[in-house]
Amino acid sequence: MAAGSSSMRILIKGGRVVNDDVTQEADVYIENGLIQQVGRDLMIPGGAKVIDASGKLVIPGGIDSSVHLQQTFMNANTQDDFYTGTKAALLGGSTMVIAHVLPERGASLLEEFEKIRAHADAEACCDYALHVGVTWWGPKVRREMQVLVGEKGVNSFQMFMAYKDVLMLKDSELYQAMHSCKDIGAVARVHAENGELVHEGTKEALDLGISGPEGMEISRPEELEAEATHRAITIANRAHCPVYLVNVSSVSAADVIAAARMQDKVVHAETTLAHSALSGMHYYHQDWAHAAAHVIAPPLRLDPNTPDCLMGLLGNDIINVVASDHRAFNTKQKAMGKEDFTKIPHGAAGVEDRMSVIWERGVVAGKMDENRFVAVTSSNAAKIYNLYPRKGRIVPGADADVVVWDPDASRTISASSQAQGGDFNLYEGQRCHGVPLVTISRGRLVCENGVFTCAQGSGRFYPMRSFPDFLYKKMVQREKVPLSVYRCRDPQTQRLRGVDRAPYSGDVAAVTNSIRKESATPEGDVPMRASTRHSGVRDLHESSFSLSGAQVDDHIPKRSSARILAPPGGRSSGIW
């Protein structure tokens, strides 16, 4: 019986089936790549492979909603392609990844998508989908977004408020991109940092002689993330578009998200494994390579309590999803910035370790229960990207993406034994409870007790449908609310309308061109005080007296002298 066959029959017996909302004692029968039955005393045909899960958990395969594979970023090629990256994901208990397509400014989104699809189809070992980056804006981008959603199985677009002159969109462009997302039913993913102030902070740090990895943390304080988070939510609200904040790294940004939720705005959020497990003190390590390995964006935060707070927010559903944001580089590539921290490629590996580290830091530490663990590592991503319940749930009819999880077993993380790329592991030496014993991907037994048995290219592209209910159901319902809820809405169309009133019939002032237009000042220059010259009065601050006798105001008629009967300060008999 071939391990790579999706037609193999598998019976998982004696385990506790864990979904995001319930845990039950049940067996799971798999055939033809689907979960066929869940329950006790199942009637199944003969010839099934039996997996004993006594004392173990049976959970939905993880969905890593942000990975960067076979990508060039900041002049460096990632260490993982779609084969090594998806292999590492499966070994770590994730059965689906969503990778990024990041076109250069001015490049075609469609062409870049097709290029990445070709690489991934030939190499991926598990199901995958693609986010497409909106790195510039114009009518062509809008049209290609429509094609990607309507014909190519894409339902999410990544937008950046940072990386000035490379990936960053202006506010007006972000608004238009979000408006397009709303019209086509796509997920608007936003990396929120104030790109302009990051740019200025970077220059200031370099001017102060700060060139090491600590410059990353110094130049990108969390207030810049919080400000951009608030701005992104405001722009999305004006565009009537749900917004999905990614790479949330600080409590300040999370507070903004929580406040927006309290105001009934449709906001969801994703943090990363690194931000929820590590602090920014690593940037001040004496070993430059160690410090540089932790350079990611946004940076890790100096406050040592931040990781625990973010983990708690995952447990309380303020933050919905934890992704690895896997982007593996080696030390030599990081060393491109050995004299300038702005040239250190941003990224770190984590796709293989995500599930175990979150179990240790979340479940073992008491920040979340086993159901919430399933939610933040699988089910919520499935709901947000319209994959649920085919993905992210163990239920008859769902894809057979299943992991037998041993909550008591432990492993020690090390770069020397990892399958993912890179020569450094951010969690080196950490002992984690929670180990995937068996991984089943679409009915195929791909990993068992650390042995990988999946063929390269056996994965498939998984189209994601538009208008996910988890994001858009509330938005659609708001279009149906009574007229009294929103002012100035047409009761027939529920759209904004003007006030029906009689037209103005009075006099209208003539347009005057007497106001002089000031010429634009060069960028960076401080404008001079505006002139306040009044007709008939010489501005003594701008003397125009000429020794030649002719003056600049000679053309202005002189008024005849007038007697003032009651001038300010008292009566006078002279000429004022």
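Residues are numbered from 1 along each chain as its sequence is written. Because the model is predicted, local features need pLDDT of at least 70 and side-chain atom pairs count only at pLDDT 80 or more, while totals for chains, interfaces and linings use all residues; side-chain values use heavy atoms, without hydrogens and water.

**Cavities**

Rolling a probe the size of a water molecule over the atoms shows where empty space is left. Here a cavity is a set of points, on a 1 Å grid over the protein atoms alone, where a 1.4 Å probe fits but cannot get out. Lining residues have an atom within 4 Å of a point. Grid points are joined across faces, edges and corners, and a volume is the space filled by probe spheres set on the points.

The model has 3 cavities of 30 Å³ or more. The table sets out two of them.

| Cavity | Volume | Lining | Nearest the centre |
|---|---|---|---|
| Largest | about 230 Å³ | 27 residues | H68, N247, A297, D325 and R327 |

Strands (E, at least two residues) and helices (H or I, at least four) are DSSP runs, numbered from the N terminus. In the largest cavity, β13 (156-160), β14 (187-191) and β15 (243-248) each supply at least two lining residues. That lining has 12 nonpolar, 12 polar and 3 charged residues. Nonpolar covers Ala, Val, Leu, Ile, Met, Phe, Trp, Tyr, Cys and Pro; charged covers Asp, Glu, Lys and Arg; the others, Gly among them, are polar.

α9 (288-293) and α11 (331-334) each supply at least two residues of its lining. α9 gives the most, with 4 residues. By class, this lining has 9 nonpolar, 3 polar and 2 charged residues.

**Sheets**

Two strands pair if DSSP finds at least two bridges between them. I12 stands opposite V28 in β4.

Another open sheet has 7 strands, ordered β3-β2-β7-β18-β19-β20-β21, again with mixed pairing. Its edges are β3 (23-25) and β21 (451-452); each has a single partner strand, so one side of each lacks a neighbour in the sheet. β2 (residues 16-18) pairs with β7 (residues 57-60) in the parallel sense over 2 bridges. R16 stands opposite L57 in β7.

Terms used:
On a 1 Å grid over the protein atoms alone, a cavity is a set of points where a 1.4 Å probe fits but cannot get out, and a pocket is an open set with protein on both sides within 12 Å along at least five of seven lines; lining residues have an atom within 4 Å of a point.
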